[in-house]
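Have the model open while you read.

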Amino acid sequence: MLTSFHKMHGLGNDFVILDERTAHLSLTPVRIAALAHRKRGIGCDQLVTLRPACAEGADVFVRFFNPDGSEAGACGNASRCVADLMWRESGNRTPVLQTRAGVLPASIAENGQVTVDMGEPKLEWQNVPLAHAHDTLHLPLPGDPAAASMGNPHATFFVSDFDMLNQGHALEHDALFPERANIGFAKIESPTRMRLKVHERGAGVTEACGSGACAAVVNAARRGLTERTCTVELDGGTLHIEWAANNHVLMTGSATLAFEGTVVLADYPS
Ligand SMILES: N[C@@H](CCC[C@H](N)C(=O)O)C(=O)O
């Protein structure tokens, strides 16, 4: 049986989006990893599923899976892509996404830029989470990173170059992070601009990480390194992040439909 999918990307961070709104698909972690594999599968940084929403006012329930089969509570770039997809489907420029991290209102501007309200960052050590009580503004790790959750765990290092990027895998698995963590390296260029590279949990270094950009701006602003509104330059392009006065983080950037395809799920191990 053929199952259709959308291949989309947000600044090069790419997704296979499967629709389970009308029929349940048998997607085990093993099958997700096989589908996400760059050589043996379709290939993507995250596999995304759509289900009927159960939260009031939400249009769709979205889940995000890493190529190692693990599930993430949030994915900023995929959220913009799904919002864009909802708009193409219904013509509604203000779709609302339900995710494990919360209900996220989105909007699609006339120029095609997509804004997602990523909700409030969680800054308490239990909510990142960290393994033990500690100030999240200064983690007990060499390099003095800060931590925040955007519905998924992030640590941000403030760096002058990206030499530490190859330490991302070890840092992701540091005992301080019981659920592992996404590891961002931010080079501050001005109070309103930073360069960011992210080693993503369960995926490795990607072209861009939306939730990582949100966390980096929150952490930089907490440190007094940037303003609360900041442009984030990633390898794949630019995001505009605003940590608004109501404590919500607004992320704006592009969402690109690459192609629509079909796959025989039963051809992949489960
Ligand atoms: N690419 C994403 C983040 C995807 C999930 C992440 N790897 C995790 O495990 O938390 C983004 O754009 O936010």
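**Notes on the domain contact**

1. Start with the side chains of Asp-68 and Arg-180, which form a salt bridge at 3.1 Å, N to O. Keep in mind that this is a predicted model. The tally between domain 1 and domain 2 is one salt bridge, and the 3.1 Å for Asp-68 and Arg-180 falls within the 4 Å cut-off used for it.

2. For orientation, domain 1 covers 3–117 + 255–267, while domain 2 runs over 125–247. Their centres, taken over C-alpha atoms, sit 23 Å apart. Domain 1 puts 18 residues into the contact and domain 2 puts in 19.

3. How much area is buried between domain 1 and domain 2? The figure is about 1200 Å², with carbon and sulfur atoms giving 48% of that. On the domain 1 side, Asp-68 turns up again: together with Leu-11 and Ala-74 it supplies 37% of the area that domain 1 buries against domain 2, more than any other three residues.

4. Polar contacts are worth a look too. Between domain 1 and domain 2 there are seven residue pairs in polar contact, counting pairs with both residues at pLDDT 80 or more.

5. Which elements supply the side of domain 1 that touches domain 2? β5 (71–72) and α2 (76–90) each bring at least two residues. The largest share comes from α2, with three residues.

6. As for the make-up of that side of domain 1, the classes are five nonpolar, nine polar and four charged residues.

Note on methods: Residues numbered from 1 in each chain as written. Predicted model: local features only at pLDDT ≥ 70, side-chain atom pairs only at ≥ 80, totals over all residues. Heavy atoms only, no water. Domains from an automatic or database assignment. Contact = heavy atoms within 4.5 Å. Buried area = accessible area lost by both parts, 1.4 Å probe. Polar contact = N/O pair within 3.5 Å; in protein donor to acceptor, adjacent residues only side chain to side chain. Helix = DSSP H or I, 4+ residues; strand = E, 2+ residues; numbered from the N terminus. Nonpolar A, V, L, I, M, F, W, Y, C, P; charged D, E, K, R; others polar.
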